Amino acid sequence: MSSNTSSYIQFANAEDKQEFSKFPTKAGRRSLSRSISQSSTDSYSSAASYTDSSDDETSPRDKAQVNSHGSTNFCVKNIKQAEFGRREIEIAEQDMSALISLRKRAQGEKPLAGAKIVGCTHITAQTAVLIETLVALGAQCRWTACNIYSTQNEVAAALAETGVPVFAWKGESEDDFWWCIDRCVNSDGWQANMILDDGGDLTHWVYKKYPSVFKKVRGIVEESVTGVHRLYQLSKAGKLCVPAMNVNDSVTKQKFDNLYCCRESILDGLKRTTDIMFGGKQVVVCGYGEVGKGCCTALKALGAIVCITEIDPICALQACMDGFRVVKLSEVIRQMDVVITCTGNKNVVSREHLDRMKNGCIVCNMGHSNTEIDVASLRSPELTWERVRSQVDHIIWPDGKRVIVLAEGRLLNLSCSTVPTFVLSITATTQALALIELYNAPEGRYKQDVYLLPKKMDEYVASLHLPNFDAHLTELSDEQAKYMGLNKNGPFKPNYYRY
């Protein structure tokens, strides 16, 4: 945000003005105008956080902190918050029983012994359970956050207290973000041989700044659409010199994290920010992939009138068969009460669309990055930004029209609410298995390319979570298995099967 922004921003009350004044100019540590081309800027909520990043204006980079073991190899907001973070991690463990089960089954074998994993993900209680599982399986880990708003400060402190070098805090500036990544990678006497990434920023940094390290990495695990896209670009250009695992397109990620998670969290995010009643509201959802399907199912169930925009005829036909009208955004934008993007693309909602929206229209994003809504075009002198509540802005046009923008176009559910811990357990278990597979794979199994998680592992992740529902699988008889041409223990579907 430019330094003259405050001259045309109005505030609903004095507290909001005081809160806003804490944000410095573009050159400050908490710049709100992060470069999309440089890093992923989807946001992750610290809604359950005990503390806020504004409690102490001193940058963690300027603090001298020591944990109870005498280590200074970390940079977090406040190491004294570790006890609160530990409680949150313990709560998360209760609903991540499958990941804990994997930890207990494999920690004797230490399948990650010798692995030096550098990670760049959302640092939350659920991620902490994953990190501590990797450590229990023998890995050494160094960690940073994949975006500037994602970190739960007390959780980062709890990890640092246990000895995991963590470099992250909520409200980092652009410079802080890359400094934290560099501190994770560039450590005397320690060189990463595995990468766990969310968004591709860490991979990009190592590839550009530390090519010798990148060439010696044994594998990369990536869980986001954006990061996977960047990996495929490297592979296509012949610049990917290590094998990479595309976790995002694994069945357990697509069908659970993307579909079922968004089906619940879209409503939570919208309710917390706007108190909207969905019955009778006109809603357009841009994109009918797994995320779009989850959003539409939830909205339709509460009585919203939902239509879809799509570029893919197959997804469009699915939407039609599910009872949704497929339209062009320009055809319906004037009538919409809510506009939701979930395409993974850029400028899906343009300034022209925003100009044509009716008064009170709510605009939000459920995709990975904040590129889908052209929020940058709204940072113009003729428009007024009014901060209504945390992550909710009214953009006021000269004629008095107001458009409600949520989370500045960042990921709604992770910015404005929370996501179910159980779903994150599925994704985290998939990530852990992908790391184990790549690290232990015999030479030659994986070339310098991007791979999907083996079907057998997808099924294993699912099986670990079935006891939560007291579910009992039917077993094939020898005769049935022979008839179907299957192994009794799986995999039960071919790789091309569409669940």
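The structure is a predicted model, in which local features need pLDDT of at least 70, side-chain atom pairs count only at pLDDT 80 or more, and totals for chains, interfaces and linings use all residues. Residues are numbered from 1 along each chain as its sequence is written, and side-chain values use heavy atoms, with hydrogens and water left out.

The protein chain holds 18 helices and 16 strands, assigned as DSSP runs (H or I of at least four residues for helices, E of at least two for strands) and numbered from the N terminus. Of its 499 residues, 57% count as buried, the term being used for a relative accessible area under 20%, with exposed over 50% and partly exposed in between (1.4 Å probe, protein chains only). Among contacts (heavy atoms within 4.5 Å) in the protein chain with a separation of 6 or more, 72% join residues 24 or more positions apart.

Axes are lines fitted to C-alpha atoms, for helices over the stretch in contact, and angles run from 0 to 180 degrees between N-to-C directions. Helices α2 (82-94) and α5 (residues 153-162) have axes 7 Å apart and pack at an angle of about 100°; they are therefore roughly perpendicular to each other. In the scheme used, angles under 35 degrees count as roughly parallel, over 145 as roughly antiparallel, 65 to 115 as roughly perpendicular and the rest as oblique. On the α2 side the meeting residues are A82, F84, G85, R86, E88 and I89, and in α5 they are E154, V155, A157, A158, E161 and T162.

Helix α17 (residues 455-465) has K455, M457, D458, E459, V461, L464 and H465 buried. These buried residues pack against α3 (97-106), α10 and α16 (421-440). The axes of α3 and α17 lie 8 Å apart, at an angle of about 110°, which makes α3 roughly perpendicular to α17. A98, S101, L102 and R105 of α3 make this contact with Y460, L464 and H465 of α17.

Helix α10 (residues 251-274) also meets helix α11 (residues 290-301), the axes coming within 7 Å and crossing at roughly 45°. The pair is therefore oblique. Residues making the contact include Q254, N258, C262 and I266 of α10 and V291, G294, C295 and A298 of α11.

Turning to individual positions, an unreviewed UniProt entry lists T124, D198, E223, K253 and D257 under "binding site"; such positions are given in the numbering used here, feature names are shortened, and annotations may be inferred rather than shown by experiment. T124 sits in the loop between β2 (116-121) and α4 (125-136) and is buried, at a relative accessible area of 1%. Its side chain makes a polar contact with that of Q126 at 3.1 Å. A polar contact is a pair of N or O atoms within 3.5 Å; within protein, one must be able to donate a hydrogen and the other to accept it, and residues adjacent in sequence count only if both atoms are side-chain atoms.

E223 is found in the loop between β6 (219-222) and α9 (225-236), and is buried with a relative accessible area of 12%. Beyond its neighbours within four places in sequence, E223 is in contact with D197, D198, V247, N248, K253, T427 and Q431.

N67, in the loop between α1 (14-20) and α2, is buried with a relative accessible area of 5%. A polar atom of the N67 side chain lies 2.9 Å from the backbone nitrogen of H69. Leaving aside neighbours within four places in sequence, N67 is in contact with F74, I79, A160, E161 and G163.
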